[in-house]
Amino acid sequence: QGIVALAFWLGSLFAEQIRAVHKSYPFIEIIGEPGAGKSTLIEFLWKLFGRDQEGVDPNKSTAAARARIFAQLSNMPVVLIESDRGEDTAKQKQFDWDELKTAYNGRSVRARGMKNSGNETYEPPFRGSIVISQNAEVMASEAILQRIVHCKFTRAEHNADTKKLAEALERTPIKDVSHFLIEALTKEKSIVDTVLARTPVYEDKIMAMDEVKSVRIGKNHAQMMALIEALDSVVPLPEGAGKAAIVEISEMAKARQKAISADHPVVAQFWEVYDYLNEDHTNTPRLNHSKKPDETIAINIPHFIKVATEHRQQVPDTADLKRHLKSCKTRKFLGQKAVDSKIDPRTVKCWVFEREGAKRTG
């Protein structure tokens, strides 16, 4: 995955050339537990471009500041760090990843009106690439998740030897590695030609896998595979490392498809609590108001929260829950309806879902 990150960094130098033909360049997400080496990796990658930096925290920046940061660079990465610190608060609103949708295609992330009597607007195009580095995975819409190539680092194989190697990377002077930039730029034509020619070949291979259904996921990971090939002409890789990285990208594509096919974590937590609480040892429903429990699940949210609280179960924030429940994938949302309750002797307003594997009779 380190080689994949390096290949993405190389591709950032030619993001505009790639987007000119492919109309998009993916985002990369470098996540992992604290101490896994994310900062060391990113700071070293910046040294290859002659820079001493890591990234910017979008939660500490205004929308105007972020727009200027995105417009400052061309064919360089914009690194967004440490933006996974909980939910919105009264003092600070969490960064909305959907702001980045248009950056994927190289379009402006923000427009502003010009200070004149006309109706002109200023919409600078995004000409770089997006790198996301934090401890937790990005929690966003499916559209954003499809745009991301996901790399996860752990401390599982850390030992005294890897510690020395990491410290060696930290101590490496910029002047000793920044020639990477010159090597890459002098081979621009061959690198771009390789990416443009090989991406369709790899895309066909990825889309031939049963596990991958999204064309966007196939395209993004195919671009990364092509960049692995191009990287070998700039920094000769150890024997077998390139092929291993390409195999790893195939697994990453499968994992990304699985991630977008899964329910949002808030929805998954909701169903976990529901499954735990709904039936007791007498098989009496506690939460499902439906009189056709084999076909549908009807849940009254206030009743759900009351029962969960009584049993000391952690419940997702109500606003978040209502926002994400409609997008439930494992149990199709059928609508909010007045239900003749099986639990209460009255009609109850419920969120109604189709039970997994159910065959509805009407």
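Which residues does I130 touch, not counting residues up to four places away in sequence? They are F8, F27, I28, F70, V78, L80, L100 and A103, where contact means heavy atoms within 4.5 Å.

A word on the source. This is a predicted model, in which local features need pLDDT of at least 70 and side-chain atom pairs count only at pLDDT 80 or more, while totals for chains, interfaces and linings use all residues. Residues are numbered from 1 along each chain as its sequence is written, and side-chain values use heavy atoms, with hydrogens and water left out.

I130 is, with L10 and W97, among the residues with the most contacts inside the largest nonpolar core, which has 75 residues. Such a core is a set of buried Ala, Val, Leu, Ile, Met, Phe, Trp, Tyr and Cys residues joined through side-chain atoms within 4.5 Å; buried means under 20% relative accessible area, with a 1.4 Å probe and protein chains only. Helix α10, residues 215-231, gives this core its largest share, nine residues. Helices are DSSP runs of H or I, at least four residues, and strands are runs of E, at least two, numbered from the N terminus. A second, separate core has 20 residues, including W271, Y274, I299 and A308.

Now N300, in the loop between β7 (296-299) and α13 (301-310). Why is N300 called buried? Because its relative accessibility is 15%. A polar atom of its side chain lies 2.9 Å from the backbone nitrogen of H303, and the backbone oxygen of K349 lies 2.8 Å from a polar atom of that side chain.

Definitions and conventions: Buried means under 20% relative accessible area, exposed over 50%, partly exposed in between (1.4 Å probe, protein chains only). A polar contact is a pair of N or O atoms within 3.5 Å; within protein, one must be able to donate a hydrogen and the other to accept it, and residues adjacent in sequence count only if both atoms are side-chain atoms.
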